[in-house]
Amino acid sequence: MKLQANFLCALTLFLSASFGMLHAQDNNVNTEFGVKGGFNMSNLYGSGDDVDDNNILYGFNAGVYATLPISDFVAIQPEILFTTKGAEFEYNNAFASGSTKFKLNYIEVPLLVRVNVTKNFNIHAGGYASYLVSSKITGDGSFDFDQEIDRDDLAKFDAGIAAGVGVDFDPISIGVRYNYGLTTVGKERTVAGTTFTVPDAKNSNLTLYLSYKLN
């Protein structure tokens with residue numbers, strides 16, 4: 001099952017749950033400031049490859065958000081988050097078995113357009129930009145290691161598109177969001193006249209989040 005399929009399943013569950021509790025009311029969105037955090041399922045995908053869940057790395061995100069209305073049911077929602085991304089690779093052969101985790105930690109700034117379909121149910125979409133603050137690779141199994149990666153060996157900036165849904169239980173909201181990276185994690189380098197990118201992969205991240213309105 002691919003990450004996109006997981007997102008569609010989660011979207012269906014949220015729609016079903018929300019329609020069960022919502023009733024007819026005026027569309028409305030209010031100014032909000034709050035904190036949020038959640039659970040990440042991250043992966044990396046290469047050029048021309050589909051995003052799948054074979055190498056999912058589990059992590060988290062946490063930060064702050066604001067909802068700034070521009071009409072009765074549309075708002076701009078900027079956020080500032082600390083988020084973990086990367087992938088986990090498992091191996092099992094005649095010589096060794098275990099797993100290797102490639103961990104990337106970012107400060108991420110999503111900028112989303114939020115549409116309140118009802119007062120308690122919203123869809124949101126937009127883009128994000130991230131700055132790499134740290135990275136490491138760890139091994140568990142036949143080979144145990146924990147090594148920091150020099151950020152100069154990786155692309156320090158990441159960007160992509162994001163879309164999701166949320167259900168509001170004022171002052172708490174829950175939601176699901178999918179981030180699709182458009183830039184490579186690795187950086188270009190030239191060796192003996194040949195230019196290549198290592199690693200030649202992009203971020204993919206499915207997030208389940210919980211937010212709390214402070215105002």
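This is a short talk about the fold, the confidence and the packing of one protein chain.

Hi everyone. Please keep in mind that what you see is a predicted model. How many helices and strands does the chain have? There is one helix, together with eleven strands.

Now, confidence. The average pLDDT of the chain is 84, and 79% of the residues reach at least 70. Which elements sit at the two ends of that scale? Helix α1, residues 3–21, has the lowest mean pLDDT among the elements, at 53, while strand β2, residues 57–69, has the highest, at 97. Over residues 18–25 the pLDDT falls below 50, and that stretch has eleven contacts in the model beyond near neighbours in sequence.

Let's go inside. Of the 215 residues in the chain, 41% are buried. The largest nonpolar core is made of nine residues: L44, A87, F102, L104, Y106, L132, L154, V185 and A201. Strand β4, residues 97–116, contributes the most to this core, with three residues. Have a look at Y106: setting aside neighbours within four places in sequence, its contacts include F82, Y131, L132, V185 and N203. Apart from this core there is another one, with eight residues, including I56, V167, V176 and Y178.

What about contacts across the sequence? Taking contacts between residues at least 6 apart in sequence, 67% join residues at least 24 apart.

The chain exposes about 10,900 Å², and 60% of that comes from carbon and sulfur atoms.

Terms used. Residues are numbered from 1 along each chain as its sequence is written. This is a predicted model: local features need pLDDT of at least 70, side-chain atom pairs count only at pLDDT 80 or more; totals for chains, interfaces and linings use all residues. Side-chain values use heavy atoms; hydrogens and water are left out. pLDDT is the predictor's confidence in each residue, from 0 to 100. Helices (H or I, at least four residues) and strands (E, at least two) are DSSP runs, numbered from the N terminus. Contact means heavy atoms within 4.5 Å. A nonpolar core is a set of buried Ala, Val, Leu, Ile, Met, Phe, Trp, Tyr and Cys residues joined through side-chain atoms within 4.5 Å. Buried means under 20% relative accessible area, exposed over 50%, partly exposed in between (1.4 Å probe, protein chains only). Accessible areas come from the Shrake-Rupley method with a 1.4 Å probe; for residues, only the protein chains shown count as cover.
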